[in-house]
Amino acid sequence: MEIEFVAATAALGGKTALALIVFDGDVMSGAAGQLDTQTGGALSRAVAAGRFTGAKGQVLDVQGASGDAARILLVGAGKAEAFDDVAVEHASASAYNAVKTSGLTTLRIVLPSGDADQAARAALGVRLAAYRFDRYRTKEPADKKPSVIKTQVATGDDNAALAAFAPLAALADAVAFSRDLVSEPPNVLYPEEFARRVKALESLGLEVEILGEAEMAKLGMGSLLGVGQGSVRDSQLAIMKWYGAADPKAQPIAFVGKGVCFDTGGISIKPADGMEDMKWDMGGAGAVAGLMHVLAGRKAKVNAIGILGLVENMPDGNAQRPGDVVTSMSGQTIEIINTDAEGRLVLADAIWYCQDRFKPKFMVDLATLTGAIIISLGNDYAGLFSNNDELSGNLLAASGAEAEPLWRMPLPVQYDKNIDSMIADMKNTGGRPGGSITAALFIQRFVNNVPWAHLDIASTAWKKPSNVPTSPDGATGFGVRLLNRMVQDKYEG
Ligand code: BES
Ligand code: MN
Ligand code: ZN
């Protein structure tokens, strides 16, 4: 998608849809009112006939209006008082979604004001909405393919809008990178291929180290390696480093992602129905990789570490068994009760390695960890678990600002005994009740005195169908935006 910032008075080219973003209850003020006069009242007639009020999400196609535009849309943005960054993005994304396969090639967006920051946010909204994963389509009919290839956003200050858009364009690139990883089929994106793709991000200025199985064995990562033991694909640990702070030795912040490139459940095998969705079980690692992408892309003034635990969980003659006991890098032993509770086993070693080597200011892990979080929170909220109120507060604030909803969940000490084992230091499942909580308590056993938060994104890493205009069906890239915002607002400088 090509983005341009233009003056509101710039002439419309051919094949252009004109989208006027208007407020609830104030539809005919500003640009819409002028155009209504120019078109002999076509807009106000369409508004009345279409019962258009300007409520959030409403899109009105004004048929038969004369004028320079090939097509005119009114897009409801909701109440003027609530027109924040996300409302701008959503209105612009709705405009794009309405015309993307119209046959027109250009979308012109006119916002209620010419504000440059809002224009930049509108461009972000369109970039995110225009994401698609079409690598494996060979014969899509032309009328199903998006025709709109350029978006022009009207603004009073195109230079300021371009400057404001630069970091947001980096964000859109990073979200697309993350969504691509999550969308790739599991025969293509296995641990080594995932590692190659993050290694390629060195072109952005990141440093990326990849550890293979022999190196991890030397470090004593028996917990992570046990998960990948039944796969013909080698497990990998990717360590992504971004040193953007004025002092490259300043204490880093750290992010750890679950990267199970495919989760069959292992010997505790999952039912066939819907198992294909388990290609998405690397969504946590995908989000961390996306975050590192945007930090480097916009040259964030922070030192940040991203650690990805990349494995494939398969049943096999050599696979881990229920009943096995493994020794983690921390030295703690784990009795495997269910080989399908593998994400926490990967995180146990990845988190330990992270705090041991980098002594970070805090650690945030992201993981498609439990089906139970979907039962608890539905598909709009991810679960937040944390040992630290300040870190939680920062995550929740960023979550609100970027509309990637989090809900804080408890870490009750009295549930911790549910993961005690008869023969080892702990077992890897705590039963069905509070399944997301006991999973988080398990991870907490590998966190020393470090502020830590765990985001269970099994509920939000993909959506089919999506109910967010900036996120097409499928991989969402959930986490990239909220973590980027938190870093920007609280940890840079
Ligand atoms: N990757 C799954 C969690 C998951 C389930 C993500 C559904 C997205 C949709 C995870 O590895 C898993 O299998 N968890 C088990 C844990 C159980 C065996 C204790 C689960 O949630 O059922
Ligand atoms: Mn599993
Ligand atoms: Zn899993």
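Where is lysine 15 found?

1. **Lysine 15.** Lysine 15 sits in the loop between β1 (2-6) and β2 (16-22). Its phi is near 50°, a positive value in a residue other than glycine. Most residues other than glycine have a negative phi, and most peptide bonds are trans. Helices (H or I, at least four residues) and strands (E, at least two) are DSSP runs, numbered from the N terminus.

2. **Basis.** This is a predicted model, in which local features need pLDDT of at least 70, side-chain atom pairs count only at pLDDT 80 or more, and totals for chains, interfaces and linings use all residues. Residues are numbered from 1 along each chain as its sequence is written, chains are lettered from A and ligands numbered from 1 in the order in which they are written, and side-chain values use heavy atoms, with hydrogens and water left out.

3. **Zinc site.** Four residues hold the zinc ion (ligand 3): Lys258 (NZ), Asp263 (OD), Asp281 (OD) and Glu342 (OE), at 2.0 to 2.4 Å. Donors are N, O and S atoms within 2.8 Å of the metal (3.2 Å for Na, K and Ca); water is not among the atoms, so sites may look incomplete. The six donor atoms of the zinc ion (ligand 3) make angles of 79 to 176°, and the site is octahedral. Along the chain, the donors of the zinc ion (ligand 3) have the spacing K-x4-D-x17-D-x60-E. Aspartate 281 is in the loop between β9 (253-263) and α9, and glutamate 342 in the loop between β12 (333-335) and α10 (343-358), so the pair ties together parts that are 61 residues apart in sequence.

4. **Manganese site.** The manganese ion (ligand 2) is coordinated by Asp263 (OD), Asp340 (O), Asp340 (OD) and Glu342 (OE), at 2.1 to 2.2 Å. Angles of 70 to 167° among its six donor atoms make the arrangement irregular. The donor residues are spaced D-x76-D-x1-E in sequence. Aspartate 263 coordinates both the manganese ion (ligand 2) and the zinc ion (ligand 3), which are 3.1 Å apart.

5. **α5 and α9.** Helix α5 (residues 158-183) packs on helix α9 (residues 283-297) at about 155°, with axes 8 Å apart. Axes are lines fitted to C-alpha atoms, for helices over the stretch in contact, and angles run from 0 to 180 degrees between N-to-C directions. The two helices, α5 and α9, are therefore roughly antiparallel. Angles under 35 degrees count as roughly parallel, over 145 as roughly antiparallel, 65 to 115 as roughly perpendicular and the rest as oblique.

6. **α1 and α2.** Helix α1 (residues 30-38) and helix α2 (residues 42-49) cross at roughly 110°, and their axes come within 6 Å. That makes α1 roughly perpendicular to α2. Ala32, Leu35 and Asp36 of α1 make the contact with Ala42, Leu43 and Ser44 of α2. Contact means heavy atoms within 4.5 Å.

7. **α10 and α13.** α10 and helix α13 (residues 435-444) pack at about 25°, with axes 9 Å apart. That makes α10 roughly parallel to α13. Arg344, Leu345, Leu347, Ala348 and Ile351 in α10 meet Ala439, Phe442 and Ile443 in α13.

8. **Backbone.** The peptide bond from lysine 464 to proline 465 is cis, with omega near 0°. Proline 465 is in the loop between β18 (462-463) and β19 (474-475).

Note on methods: Four donors count as tetrahedral if all angles lie between 85 and 135 degrees; four count as square planar and six as octahedral if opposite donors are over 155 degrees apart and all others between 65 and 115; anything else is irregular.
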